[in-house]
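Here is a short briefing to read alongside the model. Please keep the structure open as you go through the points.

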Amino acid sequence: MLEPKQTDTYSVQQLILEKKSKKRWNIEKLIPKLLFLTAVISVLITIGIVLTLIFETFIFFEKVSIVEFLTGHKWLPFASTPSFGVMPLVVGTLKVTVIAAIVAVPIGLATAIFLSEYASEKTRRIIKPILEVLAGIPTIVYGFFALTFVTPVLRDIFPSLDMFNAISPGIVVGIMIMPMIASLSEDALVSVPKSIREGAYALGATKLETTIKVVLPAAMSGIVASIVLALSRAIGETMIVSVAGGSTPSMSMDVTNSIQTMTAYIVQVSTGDAGYGTTIYYSIYAVGMTLFVFTLIMNLLAQFISRKFREEY
Amino acid sequence: MKLINKNHVVKKMPTRLAVNSICKGLFFLATLFGLLVLAILFYRIFTQGIGHLNFDFFQNFASRRPEEAGVKAALIGSIWLMAVVTPVSLLLGVGTAIYLEEYARKNWITSFIKLNISNLAGVPSIVFGLLGLTVFVRALALDRSVLAAGLTMSLLVLPVIIVAAQEAIRSVPRDLREASYGMGATKWQTILKVVLPAAIPGILTGGILALSRAIGETAPLVVVGIPLFIAFLPQSVMDTFTVLPMQIYNWTSRPQEEFQQVAAAGIIVLLALLILMNSIAVIIRNKFQKRY
């Protein structure tokens with residue numbers, strides 16, 4: 001057999017060596033660095049949020065003492081002698097969150113149990129997209145719904161209810177976070193292996209007994225994490241409480257009166273005419289910081305719960 | 001050893017089965033509750049808003065008189081916002097996802113970035129507004145422009161796009177990559193010509209869902225200071241503008257009864273836009289998704 005001429009053919013090794021010397025290898029080294037930079041941007045956003053909040057809150061605390069902010073029981077920023085005690089805003093936020101939890105946790109959990117334990121594959125395929133639609137509705141639409149439907153209906157039942165109150169936005173925030181609890185809890189329930197359920201059936205347990213005594217405890221970490229995440233979403237919810245909650249910061253535990261949440265205060269200042277550099281302008285950062293700390297703690301808690309208490313099968 | 005008392009078990013059986021069926025019914029009712037709320041919500045908004053929904057509604061700017069109020073500036077504004085958010089968030093999001101899935105080594109920097117992204121997803125949207133107000137509106141002096149609002153919104157939806165793109169890239173099977181390497185392709189060639197085309201349907205689906213979140217979001221734009229009432233169209237990304245949710249918020253918070261119907265008509269337009277985008281996402285998912 002004739003030896004092929006060296007000029008006509010390459011050995012693979014030569015081919016690679018030649019390619020290696022060309023520009024392409026510079027691109028190979030450049031691309032990961034560029035992509036790393038885009039990944040770093042997400043970290044920069046967090047740093048940006050934290051620094052923004054810290055700096056502007058610091059300026060606020062030069063004008064208002066931190067002790068007054070954290071312990072004061074009056075939030076009257078627009079009064080002639082303003083007072084900045086954040087507690088009424090926190091109370092307003094917590095009232096809405098608790099009502100939302102009362103609505104969303106039982107219904108969300110029951111929906112999750114129905115979908116994962118009782119529903120047929122066909123039913124599940126119809127209901128899950130509908131829940132996704134419910135989760136995808138913009139919050140301003142929910143706000144409109146709370147103000148123009150839920151509040152009037154509630155006022156027909158309880159005539160003493162104010163036009164703006166805690167209970168109507170609370171219920172609607174609950175409806176908003178319910179699909180989140182249902183969907184994440186369902187994931188947790190579905191991931192419990194079938195063999196455990198069958199073990200319970202073999203011992204003569206009914207479907208309900210199996211669900212409550214075997215499946216739920218096994219999926220508990222995922223369920224609790226989903227609830228904590230959903231409540232963190234409820235705390236940060238803005239438009240529903242701005243539209244239907246009113247703008248009266250209050251310490252009272254009464255849910256029938258007008259309230260103001262942390263988020264609704266930020267909206268009130270942003271849509272008002274408080275000038276740049278005023279104490280009121282900086283107060284939204286202090287309130288934003290409080291909100292950020294609340295939600296960050298809850299998010300970290302949810303991650304901790306789902307990692308620490310996860311049952312591995 | 002205690003033996004099971006058969007009579008005892010038999011006696012209890014009907015109650016246990018009854019409780020089981022009752023609870024099944026309750027669980028089903030709870031599931032129906034969500035569907036019922038959705039039905040009421042759609043019905044209410046449709047009946048309130050349909051009367052205002054005519055050709056003029058799309059032609060008119062916002063007005064003090066409810067019968068003349070229209071959605072033109074807001075609808076065009078929402079499209080301008082999308083024109084900024086789409087390229088910025090997709091570029092950053094997909095870039096980050098490629099880095100995390102293909103290049104990142106398992107070290108503390110990578111796990112820090114991942115932890116950071118999952119926490120960023122839980123930050124309330126209004127806090128992103130505060131960031132946008134400080135960095136884009138004030139520090140970079142972009143004022144209340146389309147660009148400032150678009151960048152703020154891009155940061156807000158970034159975590160959603162990253163996670164969706166990561167999942168799409170992860171689901172591309174190893175064999176495809178190995179085959180590409182086997183043909184002598186470099187890592188970047190493999191990513192660009194093999195992995196990304198295979199992952200595009202997943203990335204697009206996630207991207208559209210993230211954008212539909214951006215189109216319905218109000219709170220960060222309120223904080224950034226986007227005006228609630230405007231009667232002109234933006235000419236460039238540096239102009240100020242308004243978007244559909246802001247316009248709806250403006251109409252909702254007016255005391256006159258008629259404006260609630262205008263708000264409902266605005267909501268119909270917004271929901272129609274969202275349904276359109278989601279349908280495109282579903283079509284892409286069904287049409288291009290390959291099973292490996």
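In which helix of chain A does Ile167(A) lie? Ile167(A) sits in helix α7 (residues 167-190) of chain A, where helices (H or I, at least four residues) and strands (E, at least two) are DSSP runs numbered from the N terminus. Please bear in mind that this is a predicted model, in which local features need pLDDT of at least 70, side-chain atom pairs count only at pLDDT 80 or more, and totals for chains, interfaces and linings use all residues. Residues are numbered from 1 along each chain as its sequence is written, while chains are lettered from A and ligands numbered from 1 in the order in which they are written.

**Confidence in chain A**

- Chain A has a mean pLDDT of 88, with 94% of its residues at 70 or more; pLDDT is the predictor's confidence in each residue, from 0 to 100.
- Where pLDDT is low, the predicted coordinates should not be read in detail.

**Around Ile167(A)**

- Ile167(A) counts as buried because 24 other C-beta atoms lie within 10 Å; the cut-offs are 20 or more other C-beta atoms within 10 Å of the residue's own for buried, 12 or fewer for exposed, and partly exposed in between, with C-beta atoms placed from the backbone.
- Apart from neighbours within four places in sequence, Ile167(A) is in contact with Ile99(A), Leu154(A), Val255(A) and Thr256(A); contact requires C-beta atoms, placed from the backbone, to lie within 7 Å.
- Between Ile167(A) and Ser250(A) there are 14 Å in space, C-alpha to C-alpha, for a separation of 83 residues in sequence.

**Annotations and domains of chain A**

- An unreviewed UniProt entry annotates residues 90-302 of chain A as "domain: ABC transmembrane type-1"; UniProt positions are given in the numbering used here, feature names are shortened, and annotations may be inferred rather than shown by experiment.
- That span, residues 90-302 of chain A, is 78% helix and 0% strand, and its end C-alpha atoms lie 21 Å apart.
- Under "transmembrane region", UniProt (unreviewed entry) lists several stretches of chain A, including residues 96-118 and 166-184.
- Residues 96-118 of chain A are 100% helix and 0% strand, with end C-alpha atoms 32 Å apart.
- Residues 166-184 of chain A are 95% helix and 0% strand, with 27 Å between the end C-alpha atoms.

**Chain B as a whole**

- Chain B contains eleven helices and zero strands.
- The radius of gyration of chain B is 25 Å, whereas a compact globule of 292 residues would be near 19 Å; this radius is taken over C-alpha atoms, and the globule rule is 2.2 Å times the number of residues to the power 0.38.
- The C-alpha trace of chain B spans about 85 × 65 × 35 Å along its principal axes.
- Buried residues make up 44% of the 292 in chain B.
- Of the contacts in chain B between residues at least 6 apart in sequence, 75% join residues at least 24 apart.

**Domains of chain B**

- Chain B is assigned domain 1 (6-52) and domain 2 (57-288), with C-alpha centres 35 Å apart.
- Six residues of domain 1 of chain B are in contact with eight residues of domain 2 of chain B, and the domain 1 side has two nonpolar, four polar and no charged residues.

**Where the chains meet**

- Contacts link 65 residues of chain B with 68 residues of chain A.
- Helix α1 (residues 6-49) of chain B supplies the largest share of the chain B side, 18 residues.
- The chain B side that touches chain A comprises 42 nonpolar, 19 polar and four charged residues.

**A loop with positive phi values**

- Ala141(B) lies in the loop between α5 (125-139) and α6 (146-170) of chain B, and its phi is near 55°, a positive value in a residue other than glycine.
- Ala141(B) is exposed, with 9 other C-beta atoms within 10 Å.
- Asp143(B), found in the loop between α5 and α6 of chain B, has a positive phi of about 60° although it is not a glycine.
- Asp143(B) is partly exposed, with 15 other C-beta atoms within 10 Å.

Methods. Contact = placed C-beta atoms within 7 Å. Nonpolar A, V, L, I, M, F, W, Y, C, P; charged D, E, K, R; others polar. Domains from an automatic or database assignment.
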